[in-house]
There are 2 protein chains.
Amino acid sequence: MVSTPQAAPELSSDSKDRLRLWIRLLRANRLIEAELRERLRTTFDTTLPRFDVLAALYRAPDGMLMSDLSRFLLVSNGNVTGIIDRLAAEGLVLRAQRDGDRRTSIVRLTRAGEEQFRTMAAAHEGWIDALLGGVSGNDARRLATMLKTFRSNWEKQE
Amino acid sequence: MVSTPQAAPELSSDSKDRLRLWIRLLRANRLIEAELRERLRTTFDTTLPRFDVLAALYRAPDGMLMSDLSRFLLVSNGNVTGIIDRLAAEGLVLRAQRDGDRRTSIVRLTRAGEEQFRTMAAAHEGWIDALLGGVSGNDARRLATMLKTFRSNWEKQE
DNA sequence: GCCTAAAATTTTAGGCTTAAAATATTTGAG
DNA sequence: CTCAAATATTTTAAGCCTAAAATTTTAGGC
């Protein structure tokens, strides 16, 4: 009798493919993130979280609440507090209350913040284009579509 | 002559698609990571980095050097030191020198570490399968293949 | 053998991250 | 009006993360 080569109950092929997909997604992400972090640091002496915050605020000229930022960036609210503290100390963002509600603070980019973000965003676009240069336009579109579908499904079942 | 409709130099369509791809990759990653972190915490009172380290060591019964771990997990070596310190304090891993080279330390899972990892890995596989359930087997395979190609290209040009 | 360079790891300082507790404010039920 | 619940944010404690400096050990040139 031929012994079966595995004792554990085997995952379906699809399950294994999904696990493999997750691992590769994670690794691709880490490779790209590490490279971006390095370039942001050496070129602009800043960090990825700071860049993310500036990018979010740039798209919101009227400002955002701390909780909006937290939700949009998928990070905790306590986390946003620290990043905004540092950006404010550098004069790149501004906290304002003038809402009638003294609990909230509306955060906005300063002029300096806008300018610095524009400079960094231009470089960032170029970096991404070069780093993902190995991905054809067609593949990029297909992948992006699949990821969008994934996110829609995810949010539906939350 | 037809006037060009935009003032700013426009990115090629492919460039924009690659930027969009990166943003979606990042968001998908964060959604999944946050969910896994939460489940590892509530179910096993542990963290993703700890899990990653155990997973790496599980595949290496003869142990790994600190620098192997650092390279494999794509994190800094100083970072690995702290995680291993904590895992060792909990009795899940063991540091050994017995190499002839007193600079290196070989890290191994203990029996308890192996058992705990097996338990968590089984749950982890199920979680991923459910979380990525919205991705068909075919899409998962296609995506995984593209990501593998991406990684190969990346490493070639490093 | 000696001494400098290389290699492996740890330490340090600073920032990011989270969950949970604390603070401050607003809202709404009665 | 009052006060408890809800909301928005900050603080806290602990862990993760990095780059750069420091430490320890090995290897190689001479």
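Colleague: Where does B:Leu74 lie?

Modeller: This is a predicted model. B:Leu74 sits in the loop between helix 3 and helix 4 of chain B.

Colleague: Why is B:Leu74 called partly exposed?

Modeller: Its relative accessible area is 31%. Buried requires under 20%, and exposed requires over 50%. The value for B:Leu74 lies in between, so the label is partly exposed.

Colleague: What is the phi of B:Leu74?

Modeller: Phi of B:Leu74 is near 60°. That is a positive value, in a residue other than glycine. Most residues other than glycine have a negative phi.

Colleague: Where is A:Asp45 found, and what is its phi?

Modeller: A:Asp45 is in the loop between helix 1 and helix 2 of chain A. Its phi is near 55°, again positive and again in a residue other than glycine.

Colleague: What makes A:Asp45 exposed?

Modeller: Its relative accessible area is 67%. The cut-off for exposed is over 50%, so A:Asp45 qualifies.

Colleague: Now B:Arg18. Why is this arginine called buried?

Modeller: B:Arg18 has a relative accessible area of 10%. Buried means under 20%, so the label holds. The residue lies in helix 1 of chain B.

Colleague: Which residues are in contact with B:Arg18, leaving aside its neighbours within four places in sequence?

Modeller: They are A:Ile128, A:Asp129, A:Leu132, A:Gly133, A:Val135, A:Ser136, A:Gly137 and A:Ala140. Contact here asks for heavy atoms within 4.5 Å.

Colleague: And B:Ala60: buried or exposed?

Modeller: Buried: B:Ala60 has 18% relative accessibility, and the limit is under 20%. It is placed in the loop between helix 2 and strand 1 of chain B. B:Ala60 and B:Leu109 are 49 residues apart in sequence. In space their C-alpha atoms are 8.9 Å apart.

Colleague: How many residues does the largest nonpolar core have, and which have the most contacts inside it?

Modeller: The core has 88 residues. A:Ile32, A:Val93 and B:Ile32 have the most contacts inside it.

Colleague: What is A:Val93 in contact with, beyond its neighbours within four places in sequence?

Modeller: Its partners include A:Leu54, A:Leu57, A:Ile84, A:Leu87 and A:Val107. A:Arg108 and A:Thr110 are also among them.

Colleague: Why is the relation between chain A and chain B called a two-fold axis?

Modeller: A rotation of 180° superposes chain B on chain A, with 0.0 Å of shift along the axis and an RMSD of 0.0 Å. That is the relation of a two-fold axis. The same surface serves both copies, as 100% of the contact residues of chain B recur in chain A.

Colleague: Which residue of chain B comes closest to the rotation axis?

Modeller: B:Leu143, with its C-alpha at 3.3 Å.

Colleague: On to the DNA. What surrounds DNA strand C?

Modeller: There are 26 residues around DNA strand C. The closest are A:Ser76, A:Arg86, B:Ser67, B:Thr81 and B:Arg95.

Colleague: What makes the pair between B:Arg103 and DNA strand C a polar contact?

Modeller: A side-chain N or O atom of B:Arg103 is 3.2 Å from a base nitrogen of DNA strand C. The limit for such a pair is 3.5 Å, so it counts. B:Ser105 qualifies too: a polar backbone atom lies 3.1 Å from a phosphate oxygen of DNA strand C.

Colleague: Which element gives the most to the surface near DNA strand C?

Modeller: Helix 4 of chain A, with 4 residues. By class, that surface has 6 nonpolar, 11 polar and 9 charged residues.

Colleague: How do you know that B:Ser76 makes a polar contact with DNA strand D?

Modeller: A backbone N or O atom of B:Ser76 lies 2.5 Å from a phosphate oxygen of DNA strand D. Within 3.5 Å is required, so B:Ser76 passes. For B:Arg50, a polar side-chain atom is 3.0 Å from a phosphate oxygen of DNA strand D.

Colleague: Which element supplies the largest share of the surface near DNA strand D?

Modeller: Helix 4 of chain B, with 4 residues.

Notes. Residues numbered from 1 in each chain as written. Chains lettered and ligands numbered in written order. Predicted model: local features only at pLDDT ≥ 70, side-chain atom pairs only at ≥ 80, totals over all residues. Heavy atoms only, no water. Core = buried A, V, L, I, M, F, W, Y, C linked by side-chain atoms within 4.5 Å. Buried < 20%, exposed > 50% of the residue type's maximum accessible area, 1.4 Å probe, protein only. Near = heavy atom within 4 Å. Polar contact = N/O pair within 3.5 Å; in protein donor to acceptor, adjacent residues only side chain to side chain. Helix = DSSP H or I, 4+ residues; strand = E, 2+ residues; numbered from the N terminus. Nonpolar A, V, L, I, M, F, W, Y, C, P; charged D, E, K, R; others polar. Least-squares fit on C-alpha atoms with pLDDT ≥ 70 in both.
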